[in-house]
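Here is a short report for a reader meeting this structure.

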Amino acid sequence: MKIRSVAVLGAGAVGSFLIYSLMQREDVDLCVVARGDRKERLEREGITIDDGKSVRTYYPRICTPQEARGVDLLLVSVKYTGLKDALEDIREIVTPQTIVLSVLNGIDSEEKIAAVIDPSQIVYSLMRVSAERRSTPEGGSVVTFDPTLGWGIYLGEIDSPVKSERIKAIEEVFAGTPCRVVFMEDIRQDQWAKYASNVCYNLPQAMLEVPFGAYFDSEHVAFLRDRLFDEVCEVGAAMGVEVPSTLLAWNSCAKTARFSTLQDLDAGRHTEIDMFGGVLIEKAAEVGVHVPYTEFIYHALKAIEEKKDGKFDYE
């Protein structure tokens, strides 16, 4: 099995890292999927990336879903809030030989995609990369990341601990690029581990507008983190997944770090609280687990979004 063509659906911060990496493979037919005004804008403005050495604008080939139909590998990197609208594009792109990777955070994007394509075409995965998209004074945007840090895709077969031929093919297509591919024998546990980290570290930080160091310098911020982690673990256990407790000892970021949920609020965007808190509330209801801290922080962040939208500007 050999992958010769790749389409990336979603050119935000994570998608830009994937595009940047694959554009270094001259033997890979790469396209970025977009339609309408977004297609025209990407063709006109390109994707500007700051990789720590230089700031450069890249112009990958932009394809409509129909033009991308039948690619060997589809990488789905849209924002969670845009996944529902992207499902029809995914359905249009995918043919029986297409491998699909969703690198979204969370634990349910594969379930949603499986509703519109053959579930057996999906390789389960997650993305670990520190990338940020920020606006420029000129009205554009730039994506920043450090390609030397070994970020990449963690993936595996959902029903097997064995490295399959298609996973080997994915490893090959990213060989020699900044995006490394890491095979996981239990990808479901790894997805839940990252999900737990997102829930317990992203959400209190965003609600309180505090940097990462607050988790270790304030017993109160740490309390919120720990209670959210407990709830993720309880729901995971009820669904047959054991979440490693070592996540609470994680302290490898700068104290000033602000994660994606807080970055969204800083930039005036809506957050991915539905993917983090909303999904956990849904899964908890399915297995009969009570998650009061998650419910509280979910509604608190929804209210913060409403406030930033001007909903409470009564003057």
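## Terms and model

Two strands pair if DSSP finds at least two bridges between them. Helices (H or I, at least four residues) and strands (E, at least two) are DSSP runs, numbered from the N terminus.

This is a predicted model, where local features need pLDDT of at least 70, side-chain atom pairs count only at pLDDT 80 or more, and totals for chains, interfaces and linings use all residues. Residue numbers start from 1 along each chain as its sequence is written, and side-chain values use heavy atoms, with hydrogens and water left out.

## The sheet

Aspartate 50 stands opposite threonine 144 in β10. Strands β3 (residues 47–50) and β10 (residues 141–144) pair in the parallel sense, over two bridges.

Both belong to an open sheet of four strands, in the order β4-β3-β10-β9, with mixed pairing. β4 (55–58) and β9 (132–135) stand at the edges; each has a single partner strand, so one side of each is left without a neighbour in the sheet. From one strand to the next, the twist averages 30 degrees.

## The helix across it

Helix α1 (residues 13–22) lies across β3, β4, β9 and β10. It runs at about 85 degrees to β3. Axes are lines fitted to C-alpha atoms, for helices over the stretch in contact; angles run from 0 to 180 degrees between N-to-C directions.

## Threonine 98

Threonine 98 lies in the loop between α4 (83–93) and β7 (99–102). Its relative accessibility is 2%, so it counts as buried (under 20% relative accessible area, 1.4 Å probe, protein chains only).

Its contacts (heavy atoms within 4.5 Å) include Gly70, Asp72 and Gln121, not counting residues up to four places away in sequence.

Note on methods:
Buried < 20%, exposed > 50% of the residue type's maximum accessible area, 1.4 Å probe, protein only.
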